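Visitor: Hi, can you walk me through this one? Keep it brisk, please.
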Amino acid sequence: MNGIGAAYAVPSGKERKPMESLKKTMRREMWYILFLIPGVLLFTFAVIVPFVTGIRYSFTNWDGISRKLTYIGWDNYVNALQDADLWTVLGNTFKYAIILTLLVNVVALLFALLLDSYLPLRNLFRTIFFLPSVISVILAGFIWSYNYSQGFPKLLSHLGMDITSPLGNPDHALYGLIIIAVWQGIGAPMIIYIAGLQGIPAELSESARIDGAGPLRVFRNVTLPLLAPSVTINMLLVLTGSLKVFDLVLVTTNGGPGFATEVISTFIYKNAFSSFKAGYGMALSMIFFVILVIVTIVQVTLFRKREVEM
Amino acid sequence: MKSLRMLVFLAVAAVAVVFLFPLYVAVLMALKSAKQTFDSFYALPSSLDLTNFVHAWDTSKYPTAILNSVIITVLSVLLILIISALSGYAIARGNKPLYSFFFLLFLSGMMVPFQVTMLPLYQLGKSLDMLNNYWGIVLIYGGFGVQSGVLFFTGFVRGISREIEEAARIDGCSTPGIFIRIVMPLLKPVTATVLVLNALYIWNDFLLPLLYLQDKDFRTIPLQQYFFFGQYSSDLNLAFAYAVMGLIPIIVFFLFMQRFIIKGIAAGAIKG
């Protein structure tokens, strides 16, 4: 703001009337508000209105089609919390999300470390490891389903191994999905880790090495603490992303076999769109929203605290 | 040390082969007939036979789907860029509690998962005649994309010195003039980031098209693939030809834009 006052004094030479400058400020503010309006309108339209409508529906017994709906208070929420299916589904979702988050981060960090140090053809490798991330989940799901049922068994039968698709087995289906998601999910976290590694001054690890630290100690005591912001962002992105998993499940197992891979998003979708329990589905999705907010807050505070300590 | 490096190289190369393997199988399937696949699963096709591709092209409305994907992606990304840049600039330069409030609003909007809004969104789309046309879905993508877009643009504009803008103002330049002539040319890097991230997301998105574009003439590539795979699950070679046809545009885009994509993701992480 100082800059404006000083600038005004220079060009005209004569005193400006305060009214005139106020008018100018007003006009500028008006432009800023005009600039802001299209974004706010579209955001309100696409996110806030549906969100508020969703809250309203969650207190009704609406079936999703008919015109009449009755308010039933907290009944949907009470029923949801007593619904054994919801707990199974939440269990599946968290199991999937936690294993996937850990796996993706470990593998992505490992790749980043290998590709950051000198390795022949590292740009080619980076491209290859990133490639699956740009493919649509529909395609990935289709290709992998087939590879699971035909490709891998045929290949491994040459080695005398007899396997069947994990997606058909209730005990293995979730892990089958996790493998696909790792394949597709390494790309972005790997890039973020590489960027983080490149931000670490080489002198630091160099001096630690001169002081006699082995590569593992350099990694644990120098690299990893300095990489903490990247770890935070990657853990958060992958965890919230995988808690929301939807398309992958829909196109590969559709929640089956049995209930083995039913996750919260597909559960909500089925309730809202095919079981004629829209009100109930909306209550489920509000519960899901609250869970996501809690997870995000817990994770951010947890990791930020660690970052400061280190 | 040298042999260790060699060992690491070989290990990474092996993993890379594993990563590419599913795609290799897809291409292999697309190039062979059902009989050839049955005879020998992993053998390369004896000759280059594009029958599956021709057949898939004829039966799948592939050109329509590609065109739909291109139109929807381009329009949505343009809309997101324009409204995010405008809003981001206003928030960064306005600097008043009012603008901070909107900034926080956009930020908290990103916490709302799609699953929460999908049914009301569908109802909204149905009642406003937004289903099965381009503008409806484009507006919704605009409202989704502006949330993260504003964060990027606000952060970037805050990093630009105000001095040039103030100098232009003294020379009699209006706020829109300043924005168009002075600020916009400086926004190139952040524009590239927002463009690439949104283009990839919208091109591959399945959920919103599933709700909004059920009509055959408006389906995007992922949606059309979803239906095609369901329909031709018995003729896998044909389905794979279609899968490969869907792979080609995005892989070409990725290979050409790789530098921007990687920069965009790295920049996104720092801002986030």
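Guide: UniProt positions here follow the numbering used in this chat, feature names are shortened, and annotations may be inferred rather than shown by experiment. This is a predicted model: local features need pLDDT of at least 70, side-chain atom pairs count only at pLDDT 80 or more, and totals for chains, interfaces and linings use all residues. Residues are numbered from 1 along each chain as its sequence is written, while chains are lettered from A and ligands numbered from 1 in the order written.

Visitor: Where does UniProt put the "transmembrane region" feature in chain A?
Guide: The unreviewed entry lists residues 31-52, 96-115, 127-146, 174-197, 218-239 and 280-303 of chain A.

Visitor: What are the domains of chain A?
Guide: Domain 1 covers 18-57 and domain 2 covers 85-309. Such bounds come from an automatic or database domain assignment. The centres of the two domains of chain A, taken over C-alpha atoms, are 37 Å apart.

Visitor: New topic. How many residues of chain B are in contact with chain A?
Guide: 66 residues of chain B contact 70 of chain A. Contact means C-beta atoms, placed from the backbone, within 7 Å.

Visitor: Which helix of chain B gives the largest share of that side?
Guide: Helix H13 (residues 236-271) of chain B, with eleven residues.

Key: Contact = placed C-beta atoms within 7 Å. Helix = DSSP H or I, 4+ residues; strand = E, 2+ residues; numbered from the N terminus.
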